[in-house]
Amino acid sequence: MSRTQTGHSNNFLMKNLLLLALVVALAVIPLFISKGADFGGADGKAEALISEINPGYTPWFESIWEPPSGEIESLLFAVQAALGAGVIGYCLGYFKGRKKRGD
Amino acid sequence: MKTFKRSSLMIFYLLALFLTIPKPAFAMHIMEGFLPAGWAAFWALATLPFLILGIRSLNKLSSYNPKIKMLLGLVGAFAFVLSALKIPSVTGSCSHPTGVGLGAIMFGPTVMTVLGIIVLLFQALLLAHGGLSTLGANAFSMAVAGPLVAYGIFKGTQKLGAPQWLSVFLGAGLGNLFTYVVTSVQLSLAFPSGTGGVMASFSKFASVFAVTQIPLAVSEGLLTVLVLNLLSTYAREELGQLHFSISPKEARL
């Protein structure tokens, strides 16, 4: 690898890491800004709004199945994220490996 | 006495169960049963043509080489991951990105209608997040309107000569934001305020979502730029083959 190429790929890596750092910062900063907030879903608030606007409304359909506990719900969310991340990692790894082989 | 003890224990147990069972959250999507049947049907019908167009363009894509299909898997997985991540926001509540902008920019908006509906189905069936009766409405906001805006902003800003990374950032971010604007419209149409009508309801619902969503829209924009950055380095050839091609050289930040 020539010197310029190394410089270039370092630059590439730095930019990507910077993007990731920004995303992490965007998620962490709120924890300090709104200290003591409950960090519930925006859901509960909208639900409260519905009953405020239309107190008589009752949902006409129930979820067929609900995760029996908060733990199982977070397990399923984690599975969802893990599956997706696995596929993304596989694809990027494949393309990266192919490019390396081709170089 | 014993039975009394047992039954009071039972009541205590049921009460504890009731308190700890998560209440169906409608987080960013509209919760099961929370849209009157007429509106639910209306949004399902509105989504249908986009779904058909999406299935058609997926069929066309399947004639491409297998690597293109791999990219298709990647954009689907991206939406899958991002919609599982509930991220804290400045308002002190949580919401999640949608991840549909990436695929919309690469493959066109209707492909993401199909993939987005798959994500929504998964969450409705297994997580009680969103719902089957509200699937049409949620699909319209996240899998039709969001991708359309992402694609439109991307193409529009490209025409104006913006750098490609900026177009990607704006497309994905605004697509995310617009999804929640549509959700607010859907809710306010179904629940117009008694005093101020639809508009008053809209400003109420939008204020719940909008501020919370802004940092998340930024995050989604940044992550989409990141993934396209990587793809335009490693999968340059495939990106060039896509019908909605972006020039891989310029895509890099």
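How many helices and strands are there in chain A? In this predicted model, chain A has three helices and zero strands, so its pattern along the sequence is simply α-α-α. Of the 103 residues in chain A, 26% are buried.

Going along the sequence, the order reads α-α-α-β-β-α-α-α-α-α-α-α. Buried residues make up 57% of chain B, which has 253 residues. About 10,100 Å² of chain B is accessible surface, with 75% of it belonging to carbon and sulfur atoms. As for how chain B folds back on itself, take the contacts between residues at least 6 apart in sequence: 72% of them join residues at least 24 apart.

Within chain B, one helix pair is worth a look. Helix 6 covers residues 135-159 of chain B and helix 7 covers residues 164-190. How are these two helices of chain B oriented, and how far apart are their axes? They pack at an angle of about 150°, and their axes lie 7 Å apart. Angles over 145 degrees count as roughly antiparallel, which is why helix 6 and helix 7 of chain B get that description. The crossing of helix 6 of chain B with helix 7 of chain B is right-handed. Sorted by class, the residues of this contact between helix 6 and helix 7 of chain B come out as 14 nonpolar, eleven polar and no charged.

Helix 3 of chain A and helix 5 of chain B cross in a right-handed sense. Which residues make the contact? From helix 3 of chain A come L76(A), F77(A) and Q80(A), while helix 5 of chain B brings V119(B), F122(B), Q123(B) and L126(B). By class, the contact of helix 3 of chain A with helix 5 of chain B has five nonpolar residues, two polar ones and no charged ones.

Leaving aside residues up to four places away in sequence, L20(A) touches L223(B) and L226(B). Is L20(A) buried, partly exposed or exposed? Its relative accessible area is 38%, so L20(A) is partly exposed. On the matter of distance, L20(A) and P68(A) are 48 residues apart along the chain, and their C-alpha atoms are separated by 34 Å.

Back in chain B, T212(B) sits in helix 8, which spans residues 197-234. The relative accessibility of T212(B) is 1%, so it counts as buried, the cut-off being under 20%. What does T212(B) touch? With residues up to four places away in sequence not counted, the contacts of T212(B) are S89(B), T91(B), S93(B), C94(B) and S95(B).

Definitions and conventions:
Residues numbered from 1 in each chain as written. Chains lettered and ligands numbered in written order. Predicted model: local features only at pLDDT ≥ 70, side-chain atom pairs only at ≥ 80, totals over all residues. Heavy atoms only, no water. Helix = DSSP H or I, 4+ residues; strand = E, 2+ residues; numbered from the N terminus. Buried < 20%, exposed > 50% of the residue type's maximum accessible area, 1.4 Å probe, protein only. Contact = heavy atoms within 4.5 Å. Areas by Shrake-Rupley, 256 points an atom, 1.4 Å probe, with all protein chains shown as cover. Left-handed = near helix turned anticlockwise from the far one by under 90°. Nonpolar A, V, L, I, M, F, W, Y, C, P; charged D, E, K, R; others polar. Axes fitted to C-alpha atoms, helices over the stretch in contact; angles between N-to-C directions. Parallel < 35°, antiparallel > 145°, perpendicular 65-115°, else oblique.
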